[in-house]
Amino acid sequence: MTVVMDDVVTRESKYVLPIYKRNPVTFVRGEGVRLYDANGREYVDLLSGIGVAALGHAHPGLARAVAEQSQTLIHTSNLFFHPLTGELAERLSKLSGLARAFFCNSGTEAVEACLKFARRYWHTKGAPRAEFVALDESFHGRTFGSLSVTSDEHYRAPFEPLLPTVTFVRTNDPAALTAAVTTSTAAIIAEPVIGEGGIRPLTPAFASAITDACTKTGALFIADEIQSGLGRTGHPFYFQALGLKPHLVAVGKALGGGVPIGAALFSQEVADTVSYGDHGSTYGGNLLACRAALCVLGELFDGGVAENVKRVGVSFERRLRALAAKHAIVKEVRGVGLMWGLELTRDAGAVVPAALERGVVVNRTAERVVRLLPPLVITEADADEALNRLDAALGAVGASA
Ligand SMILES: Cc1ncc(COP(=O)(O)O)c(C=O)c1O
């Protein structure tokens, strides 16, 4: 396949809704942690399609599973049984400790399901509660419910009015959370490691405040593990590391390794309040998506990938702290496992093209943060090479400051 970059850009700019400000690179092929552009240039991927390609690119096992399934049966709808839904739900239940799963196609849909079923829980109990408590730096998605619990004005303002029943509190401020959660709160929603908002793990003190507020008021807790879940932190879910016991969990991104699938996980207590027909999705949990997800979970948790995250995560952090010591523009290093942010003293926008020029893919989030979400299969040697390239990019940006 020959791809001419100019043709790609011209056609897109004519026909595609211009809502993504793309970097001027056209990727045409991947292998493991490497991506190749239309000119044959190689890049080390420290972003994995924003935390999706957990097994890297063109993973032979995932490619085989998807190919086999597409030659057998891709989709039949949720009007019928198929053999993989229950298998995937059982796998997720064993990993999370939650009883049941609902499958959808994206992260935002997983969050929507959690919000709806938190309301459903209180409705069934005969004591409806409408309110949600969410965090200041949160990002939960772009559909109306998810956007309503996302704080960033930039995302919200053009689409208001959103749900009026949401209170935002300062992240990692236990007193603010305690004051905001009342017996009118249907649920607290939080990312155990805030992603888009600048890679901020919740503190143990804040996690305890969530548990205490739920115990005191009956409010449910929704853990949005869309970015932090499925091995990214070295744990199946980061709520486990924090000792949290969510009633609902939203999962997405890495679940299908690139094949779109999301899931909302439910405690039995919440699942017991649901009725047939309450919610649904045409594609949700079809055979192709479930087959991909079973392959991904097998590799992550039986194939040693989650252990790789723990091992490589240690040297990755060491290297990042060394970069922070070397470059005055790096103000803080935050993260866990293979989920990291470098907060700069200035807008991080210039780092992305400087990194691409040097053959490494990174992302800017929360204005000043360079976000790193490498494929979870990355080796120490590949991580070292990628961070050498990032080192050079930070040097160039720092010198031009
Ligand atoms: C924590 C979190 N929740 C929800 C979403 C929304 O997921 P999607 O873009 O698949 O709808 C994202 C996406 O970045 C996310 O990071």
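This is a predicted model: local features need pLDDT of at least 70, side-chain atom pairs count only at pLDDT 80 or more; totals for chains, interfaces and linings use all residues.
Axes here are lines fitted to C-alpha atoms, for helices over the stretch in contact, and angles between N-to-C directions run from 0 to 180 degrees.

**View 1. Helix H4 packs against helix H12 at an angle of about 35°.** H4 covers residues 83–96, and its axis sits 9 Å from that of H12. The two cross in a left-handed sense. On the H4 side, look for Pro83, Leu84, Thr85, Glu87, Leu88, Arg91, Leu92 and Leu95. Their partners on H12 are Leu287, Cys290, Arg291, Ala293, Leu294, Leu297, Gly298 and Phe301. Sorted by class, the contact of H4 with H12 comes out at 11 nonpolar, 2 polar and 3 charged residues.

**View 2. Helix H3 also packs against H12, here at an angle of about 155°.** H3 spans residues 60–72 and H12 spans residues 287–301, with 9 Å between their axes. Angles over 145 degrees count as roughly antiparallel, so H3 is roughly antiparallel to H12. This crossing is right-handed. H3 brings Gly61, Leu62, Ala65, Val66, Glu68, Gln69 and Ser70 to the contact, while H12 answers with Leu287, Leu288, Arg291, Ala292, Cys295 and Val296. The tally for H3 with H12 is 8 nonpolar, 3 polar and 2 charged residues.

**View 3. Helices H13 and H15 pack at an angle of about 15°.** H13 runs over residues 305–326 and H15 over residues 380–399, and their axes are 10 Å apart. Angles under 35 degrees count as roughly parallel, so H13 is roughly parallel to H15. The crossing of the pair is right-handed. From H13, the residues in contact are Arg311, Val312, Ser315, Phe316, Arg319, Leu320, Leu323 and Lys326. From H15, they are Glu380, Ala383, Asp384, Leu387, Asn388, Leu390, Asp391 and Leu394. Split by class, the contact of H13 with H15 holds 8 nonpolar, 2 polar and 6 charged residues.

**View 4. Residues gather around the ligand, Gly107 and Thr108 among them.** Gly107 places a backbone N or O atom 2.8 Å from an oxygen atom of the ligand. Thr108 likewise has a backbone N or O atom 2.8 Å from a ligand oxygen. With Gln227 it's the side chain: one of its polar atoms lies 2.8 Å from an oxygen atom of the ligand.

**View 5. A cis peptide bond links Glu160 to Pro161.** Omega for this bond is near 5°. To find the spot, go to the loop between helix H7 (153–156) and strand E6 (166–169), where Pro161 is located.

**View 6. Ser48 has a positive phi.** The value is near 45°, in a residue other than glycine. Ser48 belongs to helix H2, which covers residues 48–51.

Notes:
Residues are numbered from 1 along each chain as its sequence is written. Side-chain values use heavy atoms; hydrogens and water are left out. Helices (H or I, at least four residues) and strands (E, at least two) are DSSP runs, numbered from the N terminus. Angles under 35 degrees count as roughly parallel, over 145 as roughly antiparallel, 65 to 115 as roughly perpendicular and the rest as oblique. A crossing is left-handed if the near helix is turned anticlockwise from the far one by less than a right angle, and right-handed if clockwise. Contact means heavy atoms within 4.5 Å. Ala, Val, Leu, Ile, Met, Phe, Trp, Tyr, Cys and Pro count as nonpolar, Asp, Glu, Lys and Arg as charged, and the others, Gly among them, as polar. A residue is near a molecule or strand if one of its heavy atoms lies within 4 Å of it. A polar contact is a pair of N or O atoms within 3.5 Å; within protein, one must be able to donate a hydrogen and the other to accept it, and residues adjacent in sequence count only if both atoms are side-chain atoms.
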